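Colleague: I'm new to this one, and I'd like to know what the labels rest on. Could you put it up and take me through them?

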Amino acid sequence: MSLDFINIHTHKKTAGKNVFSIENKYPNSQNFSHAFSIGIHPWFINKNNIDEELHIIENKIIHENCYAIGECGLDKLIEIDFKLQKEVFIKQIQVSEKHQKPLIIHCVKAFQEIIEIKKELKPKQTWIVHGFNKNFQIADNFIKNNILLSFGEAIIKNEKLQKVVAEISIDNLFLETDDSEVDIEKIYQKTSIIKHIEIEELQQKIKKNFKKIFNT
């Protein structure tokens, strides 16, 4: 396993030999030959398939290549009933706890609800909000509630987000490509500039975060 560049969340296969990526998978995905996470994305919730999909997740989570549950979470900009989204999210939190796997979270305009659920359920597994692109106040609130943040392509051009990355500790962050075409190396390069550290030091710190949370 190469840990030179860790891509915590991607929807694409990574060609680079020095990149370790966690590919996002769904219950209906076919190829599980690489490191993956698996979950029911709020966009694709179908109330008629929930039990079947949770059963698939339970089977796949014991696969040696499964590193996390997700992406799963809450999204207030979609038409799917928010109460149903919460129910499906909580069921996946329970799977995460049962199998001791971290949770990769999709969160759109539901920051407070995510924190409230975490306070209520008191999970032991690490939660990571992927694709974070909000302000420092929201970032700080997540971190104070022991929720880590993953940053993607947005930090390359979004100056407000760059300031957020500059403010928070590297201990609380990961980097990702999500569904973008940008290489993870470019996101590392930009982050090292924002944090005023050498890229090798950034690699070591994120590798430390990864090993701590994923027990590798």
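Modeller: Let's start with naming: helices (H or I, at least four residues) and strands (E, at least two) are DSSP runs, numbered from the N terminus. Helix α4 (residues 136-144) lies across β5, β6 and β7 (147-151) and runs at about 135° to β7. That angle is between N-to-C directions on a scale from 0 to 180 degrees, with axes as lines fitted to C-alpha atoms, for helices over the stretch in contact.

Colleague: What am I looking at, and what was counted?

Modeller: This is a predicted model, where local features need pLDDT of at least 70, side-chain atom pairs count only at pLDDT 80 or more, and totals for chains, interfaces and linings use all residues. Residues are numbered from 1 along each chain as its sequence is written, and side-chain values use heavy atoms, with hydrogens and water left out.

Colleague: Why do β1 and β8 count as edge strands?

Modeller: Look at the whole sheet: it is open, has 8 strands in the order β1-β2-β3-β4-β5-β6-β7-β8, and pairs in parallel. β1 (5-10) and β8 (173-175) each have a single partner strand, so one side of each has no neighbour in the sheet. From one strand to the next, the twist averages 30°.

Colleague: How do you know that β4 and β5 are paired?

Modeller: Pairing takes at least two bridges found by DSSP. Strand β4 (residues 66-75) is joined to strand β5 (residues 103-108) by 6 bridges, and the two run parallel. One such link has Ile 69 with Leu 103 of β5 as its partner. Helix α2 (residues 82-99) packs on the sheet here, touching β4, β5 and β6 (127-129), with its direction at about 160° to that of β4.

Colleague: And β2, what makes that strand enclosed?

Modeller: Buried means under 20% relative accessible area, exposed means over 50%, and partly exposed is in between (1.4 Å probe, protein chains only). In strand β2 (residues 19-25), 7 of the 7 residues are buried, so the rest of the structure largely encloses it. Val 19, Ser 21, Glu 23 and Lys 25 point one way, Phe 20, Ile 22 and Asn 24 the other. As for its neighbours, 4 bridges tie β2 to β1, and 3 tie it to strand β3 (residues 36-38).

Colleague: Why is Asp 140 called partly exposed?

Modeller: Its relative accessibility is 22%, so it falls in the middle class. You'll find Asp 140 in helix α4.

Colleague: Then how are α3 and α4 arranged?

Modeller: They pack at about 10°, with axes 11 Å apart, so α3 is roughly parallel to α4. Phe 111 and Ile 115 of α3 are among the residues making the contact, as are Ile 138 and Phe 142 of α4.

Technical notes
Contact means heavy atoms within 4.5 Å. Angles under 35 degrees count as roughly parallel, over 145 as roughly antiparallel, 65 to 115 as roughly perpendicular and the rest as oblique.
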